[in-house]
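Subject: Handing over the structure

Dear colleague,

I am passing this structure on to you, and the notes under it say what was found. Please read them with the model open beside you.

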Amino acid sequence: MLMTGWHQASQYLWSCFSLDKRSIALFRFVLGCVLVGDLANRMTSLTAHYTYEGIFTDEFYAFSPMHSEFILHKANRSFVFQLFLFFVQILSALSLALGYHCRLNVIVSWILLNSLQMYTYPIGHAGDVYLRIILFWAIFLPIGECWSIDSVFQEWMDMEGGNPQKRSRVQYSFFGVASVGIYGHLFMCYIFSAISKTSVAWSDGTAVQYALSLLFFQKPMAKFILFLGKPIHVLLGNVTWYWEALGPFCFISPLHTNYFKIFGIVSFWMMHLSFGLSLRIGLFSYVTLAFFFVFIPGCVWEYFGLHSHDREDDCEDDPVLRLRLRLGYNPSSYLSTFLAFLVFSTTPNLRSRVQKRWGCGHVISFYSIQGNEELEEVIDNPDHLRVEKQHWFIVTYPGNESSEFNLRGFLKIASESPILSPFASLVQTCIHAKSPVVSHFVTLAETWVQRIQSVEYFSPRVYNCNFSRKSNTTKSKCFVSTRQTLLNAFLMWMIVLQLYHNLLISGNVSNSDDTKLGENSSLTNYYRSFSWFVLHLMKLDQSWIMFSPQPPKESYWPVIVGSTKNGDKVELFGSSALWTVNYNIFHTLNDEPGDIPSSVHSHRWFKFIEYGLITNNTHLVAGYESWVCRRFNRIQKYEQDKIKELEIFIMAKQFYPETNEYGPVRNLLGTGNSLGTYYC
């Protein structure tokens, strides 16, 4: 009874916390694309955010909390060096997406991403935290074992080396501490986000109104939802809170696990898609959408014909079917080798396609040409096959001796490839048309190909198409086991530390009326502890307190008032003045800056305004003011048109959900107060 209960529990844990390697492969590709998109977005402000000429000064880094940390991007803040690091990071992300040297590139991407985020932490946001955490867990996932250049090359090398390998019937399922960590991130992100939303505003709908009314975040869809009425706002507020609190449990349902996972994935996609369509939240929408690809269950891939098991056991006893499907190619010919590799690499489900048509096609024998001795044809022994000198590509079907040679053989097997099948069908149609012109062309093509071959005889090498790596038998099993145990223990420790960290952060937010944590003795002691040091070293520190306990009630923006050397008062922020470098005539502080999103420019610039200007960080304000002066004065032709001095005011206006209207514009710093006068 005890063993039966343990078996059932282990089966439940496996089904709930395992991941499918095909989903991991798709997740790897999408994650690489998100990294490239994030870097492309950052490069639009490369000079302003990452170089000596930007808004971050040496004084800021000297007094920043990150001043004692090793940050690669801080080693040299020149434009050329920063561009080089961006190029390396983009190249690494593209290689990760394509599955080339996956383990190396995911580690390089994680290290460079952490360095980049710590280098410019004032412009970071929740999407950055989300991205670096899932990138950390991706290091320990089998991201390169399926649908990757690595797996194709590994199988090709095994084929060349004559290293046959068997796969188990459950070949795509992966269960480990890393998969538990992925699920743990899912639970911690959304459940603690719901716990932090303690305000009654989420149940009465006013939180939705506040979020949709923020002028920078607001998109046309938000304006539409804002005026739909109170019942819709109440519904959206409650659905958001309850889904964040209960939605993750769909992924560990003991009943109909796969169906509940699919429902959870689609629901979270819809939630984040609606966030992205309504609000400008930058990278967060894309990285959250990418994250849920990793949870796609194996039944989805099997539905599309990418089966997770084969019929190897059903075919072993048939001496005729042991012949399998055999592909012969000439490794001394670039063309022949390329065609064999092309068929192999463009047909990830070749095994299942051949299996449906010929029965036991799951094992494919590749014959490479070696040796000079003539081999006798032995029907009972698939290890010997005699072919003519002119044959450079041969396909032998399982269960009989019929073969297709050269171009026709290549077209026959290429028709099973989803990529090559249109080309194969077109050429086969032309061949079967019995046109003299086509026949003459095909004859010339085959004659030309045969002339460049050096084929004499085949010496077969059997190769099993699989996704498993070649085992290194020289390593000590005890050493590998000990290393894996220590790694698993470390990863479990990271999960526990993240859980404790989130409990502490969300508990302090829940007991506060302000979205800022402020000074707290328990948090201060925690930030001095060894646990915090390790968590921060791995860059797994996090806080899911977005719009908690409720969204801000006010929208704010800066007003930059400059004075030219000829005495004119100009405004340097509104109507995209900073980006068009074309200042406006200043009237009053109460004038709204027109289109706030275009004036702010991007989500990262908004986070800088929030972190640097509104909090009146002295070093950030000075760096920003200096950058504004240099940006405008650099293009002025006449000395009297240059900016002599400037002041920054922070203006705001509050939204009132009762009337669905905004209040009057006010100075957030107090009437007439600014962040100080800066002399250019």
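In what follows, a residue is called buried when its relative accessible area is under 20%, exposed when that area is over 50%, and partly exposed in between, with a 1.4 Å probe and protein chains only. Cysteine 146 is buried by this definition, since its relative accessible area is 1%, and cysteine 189 is also buried, at 2% relative accessibility.

Before going further, please note that this is a predicted model, in which local features need pLDDT of at least 70 and side-chain atom pairs count only at pLDDT 80 or more, while totals for chains, interfaces and linings use all residues. Residues are numbered from 1 along each chain as its sequence is written, and side-chain values use heavy atoms, with hydrogens and water left out.

The disulfide

Taking a disulfide to be a pair of cysteine sulfur atoms within 2.5 Å, the count comes to one disulfide. It is formed by cysteine 629 and cysteine 680, whose sulfur atoms lie 1.8 Å apart. The pair links distant parts of the chain, 51 residues apart, with cysteine 629 in helix 29 (residues 618-633) and cysteine 680 in the segment after strand 14 (677-679); helices (H or I, at least four residues) and strands (E, at least two) are DSSP runs, numbered from the N terminus. The torsion about the S-S bond of cysteine 629 and cysteine 680 is about -40°, so this disulfide is left-handed. Cysteine 629 is buried, with a relative accessible area of 4%, whereas cysteine 680 is partly exposed, at 41% relative accessibility.

The pairing around strand 11

Two strands are said to pair if DSSP finds at least two bridges between them. Strand 11 (residues 643-656) runs antiparallel to strand 8 (residues 554-564), and eleven bridges join them; in this pairing tryptophan 557 stands opposite methionine 651 of strand 11. Methionine 651 also has a bridge partner in strand 13, namely asparagine 667, and strand 11 pairs with strand 13 (residues 666-667) in the antiparallel sense over two bridges.

Strand 11 and strand 12 form a hairpin with four residues between them, and asparagine 660 in the turn has a positive phi of about 60°.

With kind regards
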